[in-house]
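I opened the model to look up a few local details. My notes follow the order in which I checked them.

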Amino acid sequence: MLHIDPVACVDCGACVSACPVDAILPESRLSAAQLPFIAINAAFYPDRPEGKLPVAAKLAPVLPAPRIRDGAAALTVAIIGSGPAGMYAADELLTQRGVRVNMFDKLPVPYGLVRAGVAPDHQKTKSITRLFDKISRQRGFEYYLNVEVGQHISHTELLNYHHGLLYAVGAPGDRRLEIDGMGMPGTGSATDFVAWINGQPGSTGPIAGTIEDPVVIIGNGNVALDVARILTSDPDGLAHTDISDAALKVLQHRAVREVVVAARRDPRDSAFTLPELVGLTSTANVVLAAADHELVRRDLETTDDPVTHAKLTILAGLPDAEAPAAGSRIRLAYRLTPQRIIGPGHPRRVEFIRTATTETVGLDAGLVLTSIGYRGAPVAGLPFDETAAVVPNRDGRVIDPRTAEPVRGAYVAGWIKRGPTGFIGTNKSCAMQTVATLVEDFNNGLLDDPRQPPAALETLIRARQPDLVDAAGWRAIDVAEISRGEAAGRPRVKFTSVADMLSAAATRPRPGARLGELRARLTELVSGRNQRR
Ligand code: NAP
């Protein structure tokens with residue numbers, strides 16, 4: 001959450017135009033749903049004598065831009081993973097003259113979790129792709145999409161063509177909840193659900209056929225709120241987003257009247273963030289049971305952190321769950337530690353222990369989704385820390401835990417570096433730190449010059465992966481998806497299979513085709529003029 005000091009701000013408006021997702025607005029332009037942000041913003045800054053500026057709080061570190069030493073060879077870096085961390089790293093590298101970035105992704109389409117993880121009704125958040133489009137059009141940037149590093153080309157081979165490899169592969173799995181009953185039809189993970197509604201190739205989602213009411217979501221992070229909101233929102237509204245057609249069809253036939261978001265700790269420990277809570281409570285019917293209201297009141301008295309206080313204030317104002325409900329609703333519930341899911345064959349109930357007691361609490365359930373976080377996966381050719389599920393590193397430089405020495409030429413950024421926390425923007429400072437480390441090593445002569453010429457890379461990759469998708473191929477997919485959505489008033493209708501993506505990529509203009517077209521047109525014009533003469 002970004003706070004702007006109402007006293008220190010000089011109203012120059014520079015942040016308004018700079019924000020890539022239009023998240024900063026003048027007070028006068030806030031929608032009714034956004035009005036709570038005025039009080040939240042003001043409350044963040046303590047009262048102080050007039051004219052006194054506050055001590056800066058919680059600012060992202062501003063790192064100096066990396067400077068490549070004069071006279072060095074052109075720095076060439078492969079980035080593996082084209083999500084936010086990879087794109088921000090590319091942007092930071094390309095601030096330096098002569099740098100080449102080859103961006104790899106195993107899918108034919110870029111942008112990682114912005115495409116596959118951000119909820120389809122959050123199109124404003126997804127508009128960060130406009131910035132990524134700009135980054136990818138910079139001189140020195142090349143796409144190698146539909147290429148899996150570790151399968152089509154190994155880490156060692158790729159290093160022959162680059163000074164360094166920067167892995168920004170995210171956390172592709174989810175944390176598993178090992179309780180009885182998980183795995184039966186009607187149970188699954190919220191991360192699979194999100195991939196499914198986003199039309200991620202190969203994702204079938206945890207839902208077969210219709211959704212059975214009520215839904216219990218275990219965990220209360222932002223992913224849990226996204227899923228609860230989508231399950232209870234009006235399908236007609238969703239039909240104007242880029243949600244997958246398969247998911248939309250199921251949601252149109254759903255009968256979800258209640259989603260319970262069950263947290264194991266207290267209201268003050270809620271993992272969701274303040275802006276997401278404001279967004280949820282302004283669009284959905286969110287309720288709290290009397291016992292949980294009691295916990296909120298107690299937490300409010302003992303909390304002095306302004307953001308937590310703001311969250312609790314919103315929770316305190318929620319209607320009682322005991323009141324009769326009209327329409328779908330979301331109940332936020334606390335102090336529920338999951339024990340088992342009771343069938344048979346399909347969930348009927350989830351059994352919890354009231355946290356820190358021996359009391360058993362049962363909740364009716366037709367669908368159970370765990371939303372307890374993402375999990376990183378090992379990267380071929382690199383060490384892996386199984387406990388933290390990250391690649392061990394210092395400031396982004398990969399470290400071999402056996403020797404405590406850096407792994408020459410290997411770097412990480414984003415969730416595979418620091419674990420699955422933070423927002424899209426968090427990856428900017430994270431990627432900048434890694435790039436600073438990489439450039440420092442380059443300047444200190446710690447990176448080997450590529451042994452192969454740059455042009456040889458494309459030849460090798462095309463031989464191993466004839467279905468390589470380049471920038472023109474991705475643009476052809478992008479244009480095709482957007483035009484499929486136009487008729488229905490949707491931002492895009494995504495291709496949900498790799499085969500369909502590749503068919504669209506194949507319609508890209510062939511290299512030289514534009515030149516051929518212009519030549520033909522010129523010949524036509526010249527011959528027309530000659531005939532008239
Ligand atoms: P998260 O924020 O880490 O939340 C995980 C939740 O699972 C917490 O409530 C946690 O409770 C609970 N949990 C963990 N282990 C559990 C267990 N064994 N039993 C019961 N509960 C358990 O994860 P997330 O929601 O997947 O989000 C991942 C990251 O993406 C976060 O940084 C999030 O903010 C970000 N994200 C942001 C947005 C957005 O900005 N719009 C949207 C989606 C995701 P405890 O706190 O008790 O451990």
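I am working with a predicted model, in which local features need pLDDT of at least 70, side-chain atom pairs count only at pLDDT 80 or more, and totals for chains, interfaces and linings use all residues. Residues are numbered from 1 along each chain as its sequence is written, and side-chain values use heavy atoms, with hydrogens and water left out.

**Ligand site.** I looked up the shell around the ligand first. Of the 23 residues around the ligand, Asn220, Asn222, Arg264, Arg265 and Gly422 come nearest. The shell divides into 10 nonpolar, 8 polar and 5 charged residues. Here Ala, Val, Leu, Ile, Met, Phe, Trp, Tyr, Cys and Pro count as nonpolar, Asp, Glu, Lys and Arg as charged, and the others, Gly among them, as polar. Helix α9 (residues 222-232) gives the most to this shell, with 3 residues. I took helices (H or I, at least four residues) and strands (E, at least two) as DSSP runs, numbered from the N terminus.

Next I checked polar contacts, meaning pairs of N or O atoms within 3.5 Å; within protein, one must be able to donate a hydrogen and the other to accept it, and residues adjacent in sequence count only if both atoms are side-chain atoms. Arg265 places a polar side-chain atom 2.8 Å from a ligand oxygen. Val223 has a backbone N or O atom 3.1 Å from an oxygen atom of the ligand. For Ser371, a backbone N or O atom lies 3.4 Å from a ligand oxygen. The protein covers 81% of the 910 Å² of accessible area that the ligand has on its own (Shrake-Rupley method, 1.4 Å probe).

**Helix α6.** I asked which residues of α6 (129-136) are buried. They are Phe132, Asp133, Ile135 and Ser136. Buried means under 20% relative accessible area, with a 1.4 Å probe and protein chains only. Down the axis of α6, the buried residues fall within an arc of 160 degrees, so they line one face of the helix. The arc is taken from the directions from the helix axis to the C-beta atoms. They pack against α3 (84-93), α4 (112-116), β3 (141-145) and α18 (471-486), where contact means heavy atoms within 4.5 Å.

**Gln96.** This residue sits in the loop between α3 and β2 (100-105). Gln96 counts as buried because its relative accessibility is 9%. Leaving out residues up to four places away in sequence, Gln96 touches Pro66, Arg67 and Ile68. A polar side-chain atom of Gln96 lies 3.1 Å from the backbone nitrogen of Ile68.

Conventions
Buried < 20%, exposed > 50% of the residue type's maximum accessible area, 1.4 Å probe, protein only. Near = heavy atom within 4 Å.
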